[in-house]
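Please look over the sequence and the model below before reading on.

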Amino acid sequence: MALNRAFRLRKNSDFQRVRQQGGSTASRLLILAWKPNDQATLRVGFVVSKRISKRAVQRNYIKRLLAEAVRPLLADIPPGWDIVFSARNQIVGVRLPVLIQDVSTLLRRARLLEGSAHPVETKELNTRKGF
């Protein structure tokens, strides 16, 4: 199931604004950029460039994995932020539990998580291998 449309960044100008004017932090798998918005809603966007994979199918699969990694944490992120996750080359083939841990670590580093995140049971997660 896709991330609710109300929670997504869709305009190129919004992505550029967040990446150029906002704060950022990085890990081995992802780059996180964030900026307060004036809408009092939380919006999240995902960037997977052609440098990561030439195949659109694989890029879209990575975006879906990222959306699933962010979904359990949405309730703990305060409204009023635009957040962009940009994939790095090492993300290809990573499983969902590793991605969830990485997303959680980046959000904590950026101080965007309120309190502690909900514990996620790894048994319940889809462990399908990447392409």
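Is Phe-46 buried or exposed? Phe-46 is buried, at a relative accessible area of 14%; buried means under 20% relative accessible area, exposed over 50%, and partly exposed in between, with a 1.4 Å probe and protein chains only. This is a predicted model, in which local features need pLDDT of at least 70 and side-chain atom pairs count only at pLDDT 80 or more, while totals for chains, interfaces and linings use all residues. Residues are numbered from 1 along each chain as its sequence is written, and side-chain values use heavy atoms, with hydrogens and water left out.

The sheet comes next. Helices (H or I, at least four residues) and strands (E, at least two) are DSSP runs numbered from the N terminus. Four strands make an open sheet in the order β1-β2-β4-β3, and their pairing is mixed; two strands pair if DSSP finds at least two bridges between them. β1 and β3 are the edge strands, each pairing on one side only. From one strand to the next, the twist averages 15°. The pairing of β1 with β2 is antiparallel and runs over four bridges. Within it, Thr-25 stands opposite Leu-32 in β2.

Two helices pack on this sheet. α2 touches β2, β3 and β4, and its direction makes about 150° with that of β3. Contact here means heavy atoms within 4.5 Å. Axes are lines fitted to C-alpha atoms, for helices over the stretch in contact, and angles run from 0 to 180 degrees between N-to-C directions. α3 lies across β1, β2 and β4, at about 40° to β2.

How many residues does helix α2 have? Helix α2 covers residues 56-70, which is 15 residues, and reaches 21 Å from its first C-alpha to its last, close to the 21 Å expected at 1.5 Å a residue. The expected span is 1.5 Å times one less than the number of residues in the helix. The buried residues of α2 are Gln-58, Arg-59, Tyr-61, Ile-62, Leu-65, Leu-66, Ala-67, Ala-69 and Val-70. They pack against β2 (30-36), β3 (43-47), β4 (81-87) and α3 (96-109).

α3 has 14 residues, which should span 20 Å at 1.5 Å a residue; the end C-alpha atoms of α3 are 20 Å apart, in agreement. Buried in α3 are Leu-96, Leu-99, Ile-100, Asp-102, Val-103, Ser-104, Leu-106 and Leu-107. The cover over these residues includes β1 (23-26), β2, α2 and β4. Just after α3, Arg-111 has a positive phi of about 60°.

Now the aromatic rings. A pair of aromatic rings is described by the distance of the centres and the angle of the planes. Rings of Phe, Tyr and Trp (its six-membered ring) pair if their centres lie within 6.5 Å; planes under 30 degrees apart count as stacked, over 60 as edge-to-face and the rest as tilted. By this rule there is one aromatic pair. Phe-46 and Phe-85 form it, and the pair is stacked, with 6.0 Å from centre to centre and 20° between the planes. The pair links distant parts of the chain, since Phe-46 is in strand β3 and Phe-85 in strand β4, 39 residues apart. Phe-85 is buried, at 1% relative accessibility.

Side chains of opposite charge can pair when their charged atoms come close. A salt bridge is a side-chain nitrogen of Lys or Arg within 4 Å of a carboxyl oxygen of Asp or Glu. How many salt bridges does the structure hold? There are four salt bridges. One of them joins Asp-14 to Arg-43, with the closest N and O atoms 3.5 Å apart. Asp-14 lies in helix α1 (residues 12-21) and Arg-43 in strand β3, so this pair ties together parts that are 29 residues apart in sequence. Asp-14 is buried at 13% relative accessible area, and Arg-43 is buried at 10%.

Asp-82 and Arg-17 form another salt bridge, the closest N and O atoms being 2.3 Å apart. Because Asp-82 lies in strand β4 and Arg-17 in helix α1, the pair ties together parts that are 65 residues apart in sequence. Asp-82 is buried, with a relative accessible area of 0%, whereas Arg-17 is partly exposed at 21%. Asp-14, Arg-17, Arg-43 and Asp-82 are linked in a network of salt bridges.
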